[in-house]
Amino acid sequence: MPLSRLSFLMALVLLLPPSAVRAGEIRIAWLSMPAAVGRAPSVLDGPPPRDLGLAGLRLALADNNAGGRFVGQSFRLAEMEPGAGVAERLAKEGIRFAVADLPAAELLRLADAARDSGLVLINAGAEDDILREAECRANLLHTVPSRAMQADALAQVLVRRNWKKWAMLVGPAPEDQARAAAIRRAARKFGARIVAERPWTYTRDAQRGAEGEVAAVTRDWSYDVLMVADETNEFGDTAPFNTFDPRPVAGTQGLAATAWHPAHDQWGAAQAQSRFRAQAGRAMAEKDFAAWVAGRAVGEAAMRARSVEPSRIAAMLRSPDFALPVYKGRTAGFRSWDGQLRQPMLVGWARNVVTTAPQEGFLHPVTDLDTLGTDKGENACVSR
């Protein structure tokens, strides 16, 4: 722990009255499903780490315990299998905070099953916009950015560079369609235009290689940027340097907007990256970061609430005054209307961070962080 952080915590302890903090343990559950085994999207890719996401939560709990010991708080991880009965098991064991990397449908089943138990479920994996809108839940928070947040961050960067004419290739998977919808929405929101769009219909058995297909598809298009909606990485990696005209590629491949990046090293991120690598033996991925933020949010809320009482911690998490440092130059907090963590986004390519969003000049009456994703006035969330 950096000396400055340690000194701050010790000073905080001295300022608190003896009765301000109750000694006790806070258990945080981790829920995830085994990754599906299938064709790797690239010969460079191996199987995903078995501790993807979980490693980030482990680091968060270590950070929480480093500070919590000064104020009589401790944090313990409980790994559980999702599925039927998990909500009842969490309630029986007195666990009121769970971090999950689950598909949207499974998240909703768990949130509904735990509606009356006081469980706070934190989504660290599902990017689906519908979870923040029509299918939002009052007991569901999100530390992973939505597709809308990612598309808005990327759109701000492109529009600020005056790259406003976009062409788009859309993959066949349902998540590709959802990504394309977010990109279309971002174009309307920030004044860009999608001047050409085509579904990707090339198959691996075709005579022509994917490189030639990209060139052929883009031959007659006039555009500034080729946007790619290919979450399963069916074709997106072939798009850069294969367009008919020399044009940048952005979206799910090429220039992309993410909550975390392995090359990010500003605002203390280098130390966080080093600590994670020392613990996990690999670079921190975006899901690791989302799980780390979720675990740290619970720890920070407990510290600020000066309590281990779940209801007080949950109230602090949702407080408009809650602020969590996330190594991106600004603090993060949860939006009241959809439970999404408002946070800066990193925009870059595979090897480097190019810039951050929100970009200068995109204004908002409350905070420019709310220019990323669906704002309160346009959001369809009616928490249930």
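Modeller: A nonpolar core is a set of buried Ala, Val, Leu, Ile, Met, Phe, Trp, Tyr and Cys residues joined through side-chain atoms within 4.5 Å. The structure discussed here is a predicted model.

Colleague: What makes up the largest nonpolar core?

Modeller: The largest nonpolar core has 42 residues, and those with the most contacts inside it include Ile26, Phe97, Val99 and Phe289. Among the elements that give two or more residues to this core are strand 1 (24-32), helix 2 (54-68) and strand 3 (97-101). Helix 9 gives the most, with 10 residues. Apart from this core lies another, of 29 residues, among them Trp166 and Met345.

Colleague: Which residues does Val99 touch, leaving aside those up to four places away in sequence?

Modeller: Val99 touches Ile28, Ala29, Trp30, Leu31, Leu57, Ile122, Ala124, Ala291 and Ala294.

Colleague: Why is the link between Cys136 and Cys381 called a disulfide?

Modeller: Two cysteine sulfur atoms count as a disulfide if they lie within 2.5 Å. The sulfur atoms of Cys136 and Cys381 are 2.0 Å apart, so the pair meets the cut-off and is a disulfide. A search of the whole structure finds one disulfide. The two cysteines belong to distant parts of the chain, 245 residues apart: Cys136 is in the loop between strand 4 and strand 5 (140-142), and Cys381 is in the segment after strand 15 (352-357).

Colleague: Why is the disulfide of Cys136 and Cys381 called right-handed?

Modeller: The torsion about its S-S bond is about 90°, and therefore the disulfide is right-handed.

Colleague: How do you know whether Cys136 is buried or exposed?

Modeller: Buried means under 20% relative accessible area. Cys136 has 1% relative accessibility and therefore counts as buried. Cys381, at 15%, also counts as buried.

Colleague: Why is the aromatic pair of Trp200 and Phe235 called stacked?

Modeller: Ring centres must lie within 6.5 Å for a pair, and planes under 30 degrees apart count as stacked. For Trp200 and Phe235, the centres are 4.4 Å apart and the angle between the planes is 15°, so the pair is stacked. Trp200 lies in the loop between strand 7 (193-199) and helix 7 (210-217), and Phe235 in the loop between strand 8 (225-229) and strand 9 (249-251), so the pair ties together parts that are 35 residues apart in sequence. Both residues are buried.

Colleague: What makes Trp260 and Phe289 a stacked pair?

Modeller: Trp260 and Phe289 have 4.5 Å from centre to centre and 10° between the planes, so they too fall under the 30 degrees that stacking requires. Trp260, Phe289, Trp292 and Tyr327 form one aromatic cluster.

Note on methods
Residues numbered from 1 in each chain as written. Predicted model: local features only at pLDDT ≥ 70, side-chain atom pairs only at ≥ 80, totals over all residues. Heavy atoms only, no water. Buried < 20%, exposed > 50% of the residue type's maximum accessible area, 1.4 Å probe, protein only. Helix = DSSP H or I, 4+ residues; strand = E, 2+ residues; numbered from the N terminus. Contact = heavy atoms within 4.5 Å. Phe/Tyr/Trp six-rings, centres within 6.5 Å; stacked < 30°, edge-to-face > 60°.
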